[in-house]
Amino acid sequence: MNKVQILLIFLSILLPKNLHGQFEEPKASPELMKLIREQKFDVILPSVMRDNEIDMWIHVKRKPDFFDFEFGDKPGVYIFTDRGGNRIERAVLGGQIDRDLYDILAPESSLGKFVSERNPKHIALNYTERSSSFKTISLNDYKKTLKTLGKKYSKRVVPSDRLAADYLAGRVIAEIALFGRLLMISTEIIEREFNKIIPGKTRLSDISGNVFVRDYNGNEENNTDYIVQPGDLIGILHDANMMDFSEHNGGIGYVLRKGETNLPPEVKRIWEHALITRNIFRKNITAGATGVEQLEILIDKLEEAGYVYIDKDQYDKTADPEKTQVHIDFHAMGRIISQEEAPRISPTGWGKDLKIPLYHTFTFEYMIHMPVPEFGKGKHLYICIHDGVIVTERGVEFPAAPIQGIRIIR
Amino acid sequence: MKKVTIFPTIAFISFLFWELDAQTDYPEAMVGISHAYYTSFDSDNPFATKEMLDHIRREKFDLVLPRVMREHQIDMWIHVIRPWTWSGNEFRRLEHMNLNYKSIDSSDPLRYEFGSNAAVLVFTDLGGDRIERVVFEGEVEDPSAFDIIRGQSTFINQENYEIMDYVKENPDLVPGSEMGYRFMGLGEFVAKRDPKRIGVNYAETLSLAEGSETYTLALTDGISFADHLHLSKTLGNEYARRMVSAEHLILDYLTRSVLGEIVLFGGSGQGSEEGRIQQYNPIVPGVTTLMDVDGGWYCTREWDHDEEAFTSVPLQRGDMFQSGQIPYYILKKGEEKPPQDVLRFWDEVVKVRKIISRNVRVGETGRKALQRIIDKLEEAGMAYIDRDRFDVTLDPEKTQVHLDLHQVGKGVLAPRISPMGPRWHSDKKIPLLLTLGVEYMVHMPVPDWGKGKHLYYCSLHERGVVTERGVEFALPPVSGIESIR
């Protein structure tokens, strides 16, 4: 066989991998972005402004910032005013705008008059007094804006961080569909990464994503040069994105030991715990409660079911050695400025005091530490589940299939 | 080139073309689903996979099934799908296509929901937050979605030795007729669960067969008379009396979406108009016809416009036509954009879309939603027309709007916000997350062009989803009129 033939056959073998890759990360087409922006203005903005008792939201934007996704990427002073009715007036002073999305374009010099004409009672501005990613206005712009508003209106200014966090957390249907597609994409990527693993050869650092293994004492190897060994329970988390809309998803694999043909009993048992606790979470989360209120409910339900809740992702040696321990960090996904500053069912983060909105896109991220007394005192197995979920009027739904089991790596 | 070199070259090139083609056409999750469940399981949607179909099935079992059974006060649902709904002819047509037995198409409207083309399925409300799911007899695509799978009946084919063995071993239990094997054991199964109301898939008051989308997924009358007769016998008097039609339950089960279905309804992901816009060869005014450009219809119309007659009429500058969902305007010489009247027309289209999106409510009937939208259109200075024809007798200043919004992709067409269809279409209440084909037709008179002359646009199933907030869109609707130079 000559070189040409060899090359052609080689290419034929390679092709399926290249062309059969089913999912591609979606591009943010202008039409999709316009739809998301418009729908968020229509259905999310009025409710979050009213919930936060804000009747004017001023967002001063001089360069691209995190709100490009929601507002567009042009600089300007973005002003949203609640003038009653079922919509919020949308204006940009001193910028360029999409005429279909905004009602008013005016020079920035009209800011003072614009505000006084509308006489808002509570004005949210993109600053915060605490250290926060929501502080996107410069000090100079902050001072200048207050000066322009004058004494009367500057006294009415409050930080916009809560409003902004609620606005980011609100989801329209096009975003829900996007979230589901991204979950399917990351699931496929995780599958691909698991397929790369050759026990005894592959290092965690050879695998894309957040890759981790814990031993029976809870010591973790995370994206290190640790070589995957038989008996390891490996977790892989991987993301998928469209512009600044992102999620990440998880998978778990077990490396068979010599002579094993299936998952050993203790690994099957920890998976059973993953399913039992998933059901507990699914049945007990509703829109409207704060993250911290919701956490209390889940802790009670876990304890009723015989589990020990742990507020850190570390095995608690002082807890009942018969009981499986569970840690929870149900953080937001999709449009978040950070996991800390978004609604969060977790013991940590500013966002734990925010309300869980309807159609909240978040993760069932929970860690199970299951004692295995037959391995010795304090020895335990560890897995981390990370599935994308949405809370609807019916409870928690999975927009795409959650993890189906612990995959076997031979 | 030597033959040995030519062969791999041809093989490679063929393979390349096959592969490139495969990028836009994906294997169906179940045979026929892309046609029946259009807008969600489309063959060009890479996310419409078997795994997604399995996932949706389980989510519906978890989230929708308990609700609809309790709403209809049905504590047992028996759904019978017989293998002859797809017939031997269908089998022969498909047998060389490398498909397995289970995947062969069926005409049962719940074949994809349950993943079967031949089964007796029993769903029982035993209390708690879930419904027991049993494949009493038959095969399913996704066994792990069910609690009990009893397997295919030994007697589904009575041409084998098993029936002879059975008769020999159980002389006292042989049914009077071989039809008695059909539901063998079901009586005991039902009695053990002691249901108060048993829903069975037969139509009683709804014209499901002729009232559904017959060219994609016709709903059927349900079980045969023979099955009804023998099911009644098997259940015995006490339980047979408790049988009721599951027609409303079936409709509700089909039309209530879980989020997985909404994900698919959002399409392949890009939401880009780029992919939907036709790239035309130069249109030669006075020569190129609507048929040549694969156009749907003329949008620039006389009062008595006849669509058929216009397919072969050459397009002229200043004409507007529609292909798929996209409207096109052929610019006149010197024009940089469509004229004011055409742009005003698009504003009217957007206005109608907004009125619709704000006036559909979860829990209301289609009929009530229709009336509210009509009221709002009239408040906005438009005229409602109950047929998709320009009404020359109406105020020539007013834009006329026809409405036909309906459920899409399950063959049901209900709930429907429309003057069309059987009464049950618009009697049906709008459920949460209804996948709604937002279909409206706008006829805007342009008096300056002459009496009765008007512009026309039909939105053709914009992908709406009904939430507590109104109609939201899973995929961007058309954003404007495309200009052709």
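Predicted model: local features only at pLDDT ≥ 70, side-chain atom pairs only at ≥ 80, totals over all residues.

Colleague: Where does helix 10 of chain B bend?

Modeller: Start with length, comparing the end-to-end span with what a straight helix would give. Helix 10 of chain B covers residues 225-240, and 16 residues in a straight helix would span 22 Å, yet its end C-alpha atoms are only 14 Å apart. Then look for the bend: there is one of about 75 degrees at T234(B).

Colleague: Which residues of that helix are buried?

Modeller: T234(B) is one of them, along with H230(B), L231(B), L235(B) and Y239(B). Those buried residues pack against helix 8 (186-193) and strand 5 (198-200), also in chain B.

Colleague: On to pairs. At what angle do helix 4 and helix 5 of chain A pack?

Modeller: For a pair, read the angle and the axis separation together. Here the angle is about 25 degrees and the axes lie 8 Å apart. Angles under 35 degrees count as roughly parallel, so that is what we call helix 4 and helix 5 of chain A. Their crossing is right-handed. On the helix 4 side, L111(A), G112(A), V115(A) and S116(A) meet T148(A), L149(A), G150(A) and Y153(A) of helix 5.

Colleague: And how are helix 2 and helix 6 of chain A oriented, roughly parallel or roughly antiparallel?

Modeller: Their axes cross at roughly 150 degrees and come within 9 Å, so the two helices are roughly antiparallel. This crossing is right-handed. Helix 2 contributes I44(A), L45(A), V48(A), M49(A) and D51(A) to the contact, while helix 6 brings L163(A), D166(A) and Y167(A).

Note on methods. Residues numbered from 1 in each chain as written. Chains lettered and ligands numbered in written order. Helix = DSSP H or I, 4+ residues; strand = E, 2+ residues; numbered from the N terminus. Expected span 1.5 Å × (residues − 1). Bend = angle between axes of the 7 residues up to and from the residue. Buried ≥ 20, exposed ≤ 12 C-beta atoms within 10 Å, placed from the backbone. Contact = placed C-beta atoms within 7 Å. Axes fitted to C-alpha atoms, helices over the stretch in contact; angles between N-to-C directions. Parallel < 35°, antiparallel > 145°, perpendicular 65-115°, else oblique. Left-handed = near helix turned anticlockwise from the far one by under 90°.
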